[in-house]
Amino acid sequence: MSLGKEMGTQAGEKGGRMLSLSVDGKSVQVREGAFVLEAARAAGVEIPTLCHHPALEPYGGCRLCLVDVTRPEWGGWCKLVIACQFPAEEGLLVHTATERVVETRRVVLDLLLARCPETPLVQELARRHGIEQTSYVANPEPTDCILCALCTRVCDHLGISAIATVNRGIGREVAPPWGEAPPDCIGCLACAEICPTSCIPYETSEGSRTIWGKTFEMLRCTRCGRAHVTVAEADFFAGRGGVPRSYFELCDACKRKEMAATFVKLSRGAAGFSVGA
Amino acid sequence: MSAAHAADPKPLEAILGAYPAEEASLIQILQDVHRAYNYLPCDVLATVAKTLGVPLAKVYSVGTFYKAFSLQPQGRTIVKVCTGTACHIRGAAQLVDELQRKLGIKPGETTPDMGFTVKTVNCVGACAMAPVLIVGETYHGNAKAAKLDTYLAAGEADDAD
């Protein structure tokens, strides 16, 4: 509780103090309140992640971003933490490729591969860490869902919360309430698009879209006639304010064309003046 | 979804009135709902979600996370057989078999008259008195299959009111 508060105030003091730390011997500066992962990336050190997304709160679900952290005064003692949720500290020494880190990460990947033996993304990551096949019993019912919760978090972030993780332990999965068409879903596809393994099925056909067992009517672009968003999505975002309902009349491609046309017109109108001089 | 038999809204009103309408009250409310209805009815959860301003998906997520909550209607008396290591060794399986013979239901099932639900649970932390059988709120240590009738009758009487 107190930790959360502390971090909250740190994050609140953006643009404040800069912290210097070292990642694999490279010294790097990050703003106060940043996490170790951010510092590592700033230092150009690659750390694998599956559940991390820069637009969402760190979640700590995949455990792949493990690193060793230590301080000179700890006398050689170091601790294994996940980089995405460990706050950067002044003078912290981060090691991303110690034997312990590499071994532990391999165990995590081995387990992930046992859960998702047929998922190309997981296979590829495992292969890069020297695992061709899981040493555990492979899941007899292979799934592509790695339970990174990016889908549920992006849904929460948009203020919709139509889906959530349900059950616990081996029965845990992402699902709408009672496994039925979720009443709050607006068919925006944010969940399907953020999914790193593309395992959320949906179908967009002539004028309708189906996802999570719910079918949506599509709104057509008034210019090109392409069905580009669901009526529910347009209503939701227009109803919340920020954008007028008319924003959804044109599809993105037609909006860009219109914008380009406006620029052309403006530059011609301004032709009498020398632009750029 | 069992919207067919909508749950009595009376107990729910009292429960919702007893807690501040905020997300932090969710688990307390779900516990009270579970006590009042013996499970978490679908329409009740929808009302809880609306009252607290918590998304229904979150309420459902919490409701499915904890083993203490059931989303299926349960019998008036819950019979739990501990199948932890000590109880297992000291004959939990016989208790399960005998319950199945007497009530005609397997663990996780409910008798058709909604009298009993039988569950197996992992260690309840009373290994010294294994095997342990919990009928309603009463713990029976050194439970014997031969005494099941007595345990069940006592439990039924407790839960009748």
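## Surface and charge

The model is a predicted one. Of the 277 residues in chain A, 40% are buried.

The charged side chains of chain A number 30 positive and 32 negative. The centres of these two sets are 5 Å apart.

## Overall form

Chain A contains eight helices and eleven strands. Its radius of gyration is 24 Å, whereas the globule rule gives 19 Å for 277 residues, so chain A is more spread out than a compact globule. The C-alpha trace of chain A spans about 70 × 60 × 40 Å along its principal axes.

Taking the contacts in chain A between residues at least 6 apart in sequence, 49% connect residues at least 24 apart.

## Strand β1 and its partners

Strand β1 of chain A covers residues 18-23, and strand β2 of chain A covers residues 26-31. The two run antiparallel and are joined by six bridges. In this pairing, A:V23 stands opposite A:K26 of β2(A). The hairpin formed by β1(A) and β2(A) has two residues between the strands, and A:D24 there adopts a positive phi near 50°.

β1(A) also pairs with strand β5 of chain A, residues 93-95, this time in the parallel sense and over two bridges. Here A:V23 has A:V94 of β5(A) as its bridge partner.

Key. Residues are numbered from 1 along each chain as its sequence is written. Chains are lettered from A and ligands numbered from 1 in the order in which they are written. This is a predicted model: local features need pLDDT of at least 70, side-chain atom pairs count only at pLDDT 80 or more; totals for chains, interfaces and linings use all residues. Side-chain values use heavy atoms; hydrogens and water are left out. Helices (H or I, at least four residues) and strands (E, at least two) are DSSP runs, numbered from the N terminus. The radius of gyration is taken over C-alpha atoms; the globule rule is 2.2 Å times the number of residues to the power 0.38. Buried means under 20% relative accessible area, exposed over 50%, partly exposed in between (1.4 Å probe, protein chains only). Contact means heavy atoms within 4.5 Å. Lys and Arg count as positive and Asp and Glu as negative; His and the chain ends are not counted. The place of a charge is taken as NZ of Lys, CZ of Arg, CG of Asp or CD of Glu. Two strands pair if DSSP finds at least two bridges between them.
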